[in-house]
Each structure stands twice: as structure tokens, then as C-alpha cells.
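Welcome! Let us take a walk through this structure together, one step at a time.

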Amino acid sequence: MATLSHGAVTGNVILCLSVFLASTVEMVEALTIVVAVGYSQSWKSALRGVYVALGVLAILVAACGPALTSIPRTQLHVVVGGVLLVFGLQWLRKAVLRSTGYKDKHDEDKIFEETSLLVRQQASERAAFVLSFKGVFLEGLEVVIIVLTMGSSAHKVGLAAITAIVAVALVAIVGGLAARQLSNVPENALKMAVGLCLISYGTFWTGQGMGLRWPGNDAALLVLVAFYSLGAFLMVAAFRPRVANVHV
Amino acid sequence: MKSLQRALVGFGRFWWDFLVGDTPEIFITVVMMLSVLAGVSMWLHHASAAVYVYPVVVLGALLVSVRRAIKR
């Protein structure tokens with residue numbers, strides 16, 4: 001029976017963690033919109049929008065997943081790693097700016113109020129469906145890209161997809177039980193963690209695709225996560241006092 | 001024909017927003033980093049130092065982007 005090496009286990013854990021956290025963050029944002037539509041107009045239309053959006057996203061994963069895994073691994077690592085680097089740096093930049101106070105935090109209560117107002121103004125089943133569909137589809141698209149890029153590069157699209165489904169189900173259950181408490185989710189911390197995982201994977205895969213040999217193979221991912229975490233922590237610490245001075 | 005054109009434009013716009021958006025410096029830096037890395041691994045076959053330099057450059061790119069946003 002084949003056994004997984006330490007490095008491979010580390011790779012799988014970070015892959016699952018990245019997909020799980022990214023799915024959680026995006027689905028909290030989507031759920032806020034769905035709940036607002038449901039409360040303000042109609043749960044039937046809101047849920048129909050969710051089902052259709054999830055169906056389209058599932059078709060995207062099923063269609064693009066096998067196609068991506070058939071690309072030679074070296075080229076795939078460079079392209080996918082590059083996309084993850086760009087995406088991860090964007091997430092991390094936003095999280096650092098929010099932590100230092102230079103950018104407003106994502107406010108789920110505000111989004112809830114704005115969406116509710118929009119639905120009430122339009123007051124139609126169709127508008128409720130479209131808003132719910134767009135919310136889930138657009139937020140879900142980012143998750144699909146992460147699932148496809150990370151899953152295909154690691155040749156584990158199935159594992160990545162299952163992790164995303166678990167996260168979505170978990171958010172749906174928790175959201176169902178505490179629909180108006182979504183603003184309590186520490187979204188910026190989750191976004192920071194996802195950004196760290198994405199740039200670690202991006203660095204690792206682009207390096208590997210370009211012929212770099214990482215010491216410790218997959219275990220180098222942990223070192224990269226630790227290194228980037230330290231860097232992000234130092235950046236937040238370095239830029240935070242300036243904000244205090246601005247406000248005083 | 002028009003719907004195909006609209007779909008293509010939409011597809012292109014999605015990737016532009018996704019990869020470039022309001023942080024073109026990140027996209028440009030990543031492309032530059034990958035080009036330099038490709039050159040290094042092509043001409044210097046045993047560039048083991050690149051393993052240590054590369055993550056530092058990535059972190060530098062983040063720092064530059066954050067500073068740029070703060071100055072704005």
C-alpha cells in the first residue's frame with residue numbers, strides 16, 4: 001500500500017486549508033447577499049438563485065478540471081503558480097491594508113442593508129433571483145479558480161473540490177442558524193491566511209516549474225508560509241502606528 | 001455573432017479585472033519576477049541561491065504595493 005511522505009501530507013494540508021478558508025470567506029460574502037434577498041423579498045427566489053449558481057459552478061469545475069490536469073505539469077506549475085502569486089498578493093495586500101486601518105474592513109451588516117434596500121426597491125421575484133444568483137456565482141467563481149488552479153497543479157482536483165463543498169455546506173449551516181451574525185466572522189484574518197497560503201503555493205510552484213529545487217521538497221511550503229506570515233506581521237506592525245498618528 | 005463577441009469581451013474583462021484590476025504593479029512585478037527566474041534557471045543551472053532570494057523578492061513586491069496604496 002502506498003504511503004504518503006511527510007512533505008506530501010504537508011502539501012495536502014496546506015492545499016485543503018487554503019481551499020477551505022477561501023471558500024469560507026467567499027461564501028460568507030455570498031450568504032450575506034442571499035440572506036438579505038431572502039428576508040427582503042422571497043426565500044424561494046433567493047434559494048433558486050443559489051441552486052442555479054452552484055450548478056453552473058459545479059459544471060465549470062467538472063468541465064475545466066480534467067482539461068487542466070492534462071496539461072504538462074511543469075508548464076501548469078508556472079502558469080498556475082503565477083496566477084496564485086498575483087491573486088495571493090492581491091488578497092494579502094488588502095488584508096494588510098485593512099489590518100493597518102488604511103482600508104475599510106468588509107462590513108457584512110452594511111452589505112446586508114444595501115442589498116435589502118436594493119431588493120425592496122425592485123420588488124420582483126426576478127430581481128431577487130438575479131441578485132442571489134450573481135452573489136453566489138461571482139463569489140463562487142473565485143473559489144472555483146482556487147480549486148481548479150491549486151487542485152490541478154497538485155493533481156488533486158477531487159480533494160480540493162470536496163474541501164470547498166464541505167466549507168460551503170458548513171457556512172450554509174452556520175449561516176442558517178445565525179443568519180444575522182455573519183459580521184462576527186473574522187473575515188480579514190481569514191483573508192490574510194488565504195493570501196499567505198496562495199503566495200506560498202504560488203512561489204513554490206513557479207519555482208518548481210522553473211527548475212528550482214526546494215530544500216525538503218513539499219515541506220518547504222511550511223517554511224514559505226512561516227516566512228510570509230512573519231513578513232506580513234512586520235508590515236502590519238510597521239504601518240499601524242502611522243494610522244494612530246493620523247487620527248490623533 | 002454579437003453575443004459571441006460580447007461573451008469574449010466579458011471573458012477578457014473578467015481576467016483583466018481578476019489579474020490586473022486596481023493593482024497593476026502586482027501583475028507587472030510577478031511577470032517580471034517570473035521572467036528573471038526563467039532567465040536565471042536557463043543560464044545558471046545550479047542557481048541554488050535563487051531558492052532563498054525568490055521569496056524575499058515576492059515579499060518585496062508586497063511591500064512596494066502596500067506602500068503605494070498607503071501613499072495614495
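This is a predicted model: local features need pLDDT of at least 70, side-chain atom pairs count only at pLDDT 80 or more; totals for chains, interfaces and linings use all residues.

The crossing of helix 3 of chain A with helix 2 of chain B is right-handed. On the chain A side, helix 3 brings Val78(A), Gly82(A), Leu85(A), Val86(A), Leu89(A) and Gln90(A) to this contact, while helix 2 of chain B brings Ile26(B), Phe27(B), Val30(B) and Leu34(B). Sorted by class, the contact between these helices has 8 nonpolar and 2 polar residues, with no charged ones.

Now let us step back to the whole contact between the chains. Chain A puts 26 residues into it and chain B 22 residues. On the side of chain A that touches chain B, two or more residues come from each of helix 3 (73-100), helix 7 (187-209) and helix 8 (220-247) of chain A. Helix 3 of chain A gives the most, with 10 residues. That side of chain A has 18 nonpolar, 7 polar and 1 charged residues.

The largest nonpolar core has 83 residues, and the members that touch the most others are Val19(A), Val34(A), Leu92(A), Val147(A), Leu196(A) and Tyr201(A). Helix 1 (residues 6-40) of chain A supplies the largest share of this core, 17 residues.

Which residues does Val19(A) touch, not counting residues up to four places away in sequence? They are Ile146(A), Val147(A), Met150(A), Ala160(A), Thr163(A) and Ala164(A).

Key. Residues are numbered from 1 along each chain as its sequence is written. Chains are lettered from A and ligands numbered from 1 in the order in which they are written. Two residues are in contact if their C-beta atoms, placed from the backbone, lie within 7 Å. Helices (H or I, at least four residues) and strands (E, at least two) are DSSP runs, numbered from the N terminus. Ala, Val, Leu, Ile, Met, Phe, Trp, Tyr, Cys and Pro count as nonpolar, Asp, Glu, Lys and Arg as charged, and the others, Gly among them, as polar. A crossing is left-handed if the near helix is turned anticlockwise from the far one by less than a right angle, and right-handed if clockwise. A nonpolar core is a set of buried Ala, Val, Leu, Ile, Met, Phe, Trp, Tyr and Cys residues joined through C-beta atoms within 7 Å. A residue is buried if 20 or more other C-beta atoms lie within 10 Å of its own, exposed if 12 or fewer, and partly exposed in between; C-beta atoms are placed from the backbone.
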